[in-house]
Amino acid sequence: MVIFYIVAYGVINKQNVYEEFIKGAKDGFHTVIDIMPTLVGLMVAVGVLRASGFLGFIGKLFKGVTDMIGFPSELVPLIFIKMFSSSAATGLVLDIFKTYGPDSYIGMITSIMMSCTETIFYTMSVYYMAAKVTKTKYTLPGALISTLVGVVLSVILAGMMK
């Protein structure tokens, strides 16, 4: 319905809808070309971290702190990876589901957390590069705070579902 509405609105306003679509597609293609090096770099970095076992090390490193606050240390690597790449985080989610099950407490936290956190560094690098934004002073602190809130609420909501 939205697509039909947009086309009808363009026709009513005597706009060449097809030409505007083609122009937008070309702009989008150029944006993809501009951000491709950033995307490749992020994906390679996440792949190296995952394959090297560093993510497991991070989980063990924070185990003492996470046990004190009641957060599963198995999810620490997921928090870090999700900040960089949603697709790499999805791979970790599948590993978590295979190990603990999607209906387990850890599985529920994982599901909720994936829905209420963002790929901070990916989003900042891609969109700021594409839009040529230079004033980013409060973006990272705000994004990190919102991710923390999403993680905390994931634990609370999963605890309510137990």
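Mentor: Helices in what follows are DSSP runs of H or I with at least four residues, strands are runs of E with at least two, and both are numbered from the N terminus. The model is predicted, so local features need pLDDT of at least 70 and side-chain atom pairs count only at pLDDT 80 or more, while totals for chains, interfaces and linings use all residues. Residues are numbered from 1 along each chain as its sequence is written, and side-chain values use heavy atoms, with hydrogens and water left out.

Trainee: How far apart are the end C-alpha atoms of residues 142-161?

Mentor: An unreviewed UniProt entry includes residues 142-161 in its "transmembrane region" annotation, although such annotations may be inferred rather than shown by experiment. The span is 100% helix and 0% strand, and its end C-alpha atoms are separated by 28 Å.

Trainee: At what angle do the axes of α8 and α9 cross?

Mentor: The axes are lines fitted to C-alpha atoms over the stretch in contact, and angles run from 0 to 180 degrees between N-to-C directions. For helix α8 (residues 120-131) and helix α9 (residues 139-161), the axes come within 10 Å and cross at roughly 145 degrees.

Trainee: Which residues of α9 make the contact with α8?

Mentor: Contact means heavy atoms within 4.5 Å. On the α8 side the contact is made by Ile120, Phe121, Met124 and Tyr128, and on the α9 side by Thr139, Leu140, Ala143, Leu144 and Thr147.

Trainee: Is phenylalanine 54 partly exposed or buried, and why?

Mentor: Phenylalanine 54 has its place in helix α3. Because its relative accessibility is 37%, phenylalanine 54 counts as partly exposed.

Trainee: How many residues of helix α1 are buried?

Mentor: Helix α1 spans residues 2-12 and is hardly covered. Just after α1, lysine 14 takes a positive phi of about 55 degrees. Among the eleven residues of α1, the count of buried ones is one.

Technical notes: Buried means under 20% relative accessible area, exposed over 50%, partly exposed in between (1.4 Å probe, protein chains only).
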